[in-house]
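Please read these comments with the model open beside them. They go from the whole chain down to single residues.

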Amino acid sequence: LLLLGSEDDRDHFTKDSNNLGLMRISVEEAKLKFPMLRSNVTQYAAYKDDVYDLDTDRLQQIFLKESRQNDAFIKTNAEVTNICFRNNHWKVLTKKDQYEAKILVNASGAWIDEIAILAGISPINFTAYRRSMARAPVPGALDPSCWPLLMGVNEQWYAKPDAGQLIISPAEEDPVPAQDAWAEDLILAEGIERFQQFITQPITRISSNWAGLRTFSPDRSLVIGHSKQNRNFFWLGGQGGYGFQTAAAASELAAELILGKKTTLPVNIVRALSPDRFS
């Protein structure tokens with residue numbers, strides 16, 4: 001991870017560098033790690049080498065395989081239209097089918113409050129924020145495979161190598177209703193321009209773009225636990241932008257709580273993640 005800052009960024013650079021545990025390096029050292037660096041604009045640089053990518057597709061495929069081995073079944077294109085609780089069981093209606101279960105786990109991402117309301121549970125007031133991404137060819141046909149993850153102060157932008165190209169994000173956090181998100185051209189252009197201030201050659205085109213929703217609880221921490229209103233209703237949400245990083249531990253905790261097992265996480269963490277903190 002290489003954090004970059006201009007002359008006006010000194011205070012924020014110091015704060016970000018300390019928070020991320022980075023080591024201050026010279027601009028000359030930074031240019032060795034990132035040859036496209038515009039050294040006359042870059043005044044501050046900090047670095048950390050033990051930063052890694054997750055293979056998100058592989059992780060998801062492993063989880064899917066384990067789920068199916070444990071007799072789980074997955075239904076897509078199944079929008080929920082009604083939820084009711086009778087005789088100690090939930091009945092969930094979709095546009096195609098209906099399902100019954102003793103425990104309802106609400107892990108519906110940006111739609112988490114909407115599903116709660118359908119189930120007669122008070123919402124927690126989650127907020128979904130859009131985050132846009134663009135993939136672009138590297139100017140000058142340089143090989144970026146050994147470049148670090150690049151980031152501006154206050155996370156105004158970030159960029160990283162991806163399959164011979166660069167992924168660039170304006171790192172925006174715009175609150176939006178739950179939806180299938182898409183990237184807006186102006187937001188992408190603004191983020192790319194902030195990144196371009198630090199590079200010697202301009203980004204001339206993008207090869208693809210997309211957007212996603214990062215859903216946060218009011219205190220921006222995960223929410224994992226049974227509802228006080230109905231112990232058969234289980235909250236699992238608020239992953240924000242860290243769903244893949246937290247997925248293994250969060251799902252393990254959820255399983256332990258649902259099955260009534262002793263939790264492997266410390267009690268203070270379990271309490272800090274409980275939905276009870278909002279009641």
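The numbered points below cover the basis of the model, the chain as a whole, and then selected residues.

1. Basis. The model is predicted, and local features need pLDDT of at least 70, side-chain atom pairs count only at pLDDT 80 or more, and totals for chains, interfaces and linings use all residues. Residues are numbered from 1 along each chain as its sequence is written, and side-chain values use heavy atoms, with hydrogens and water left out.

2. Overall make-up. The chain contains 7 helices and 15 strands; these are DSSP runs numbered from the N terminus, helices being H or I of at least four residues and strands E of at least two. Along the principal axes, the C-alpha atoms fill a box of roughly 70 × 40 × 35 Å.

3. Of the chain's 279 residues, 37% are buried (buried is under 20% relative accessible area, exposed is over 50%, partly exposed is in between, with a 1.4 Å probe and protein chains only). A contact means heavy atoms within 4.5 Å. Among contacts between residues at least 6 apart in sequence, 67% join residues at least 24 apart.

4. Cysteines. How many disulfides does the chain have? The count is 0, where a disulfide is a pair of cysteine sulfur atoms within 2.5 Å. C84 is buried, at 18% relative accessibility, whereas C146 is exposed, at 73%.

5. T42. This residue sits in the loop between helix 2 (27-33) and strand 3 (44-47). T42 counts as buried because its relative accessible area is 1%. A polar atom of the T42 side chain lies 3.0 Å from the backbone oxygen of R38; a polar contact is a pair of N or O atoms within 3.5 Å, within protein one must be able to donate a hydrogen and the other to accept it, and residues adjacent in sequence count only if both atoms are side-chain atoms. Leaving aside neighbours within four places in sequence, T42 is in contact with L4, G5, V27, L37 and F198.

6. Positive phi. Most residues other than glycine have a negative phi. N125 has phi near 75°, a positive value, and lies in the loop between helix 4 (112-118) and strand 8 (127-137). A163 has phi near 50°, also positive, and lies in the loop between strand 10 (158-162) and strand 11 (165-169). N125 is exposed at 54% relative accessibility, and A163 is exposed at 78%.

7. F216. Strand 13 (residues 208-216) includes F216. Is F216 buried or exposed? F216 is buried, because its relative accessibility is 4%. Not counting residues up to four places away in sequence, F216 touches F126, T127, Y129, E173, G238, G240 and G241. F216 and G241 are 25 residues apart in sequence and 8.5 Å apart in space, C-alpha to C-alpha.

8. E114. Helix 4 holds E114, which is partly exposed at 44% relative accessible area. E114 and A178 are 64 residues apart in sequence, with their C-alpha atoms 9.0 Å apart.
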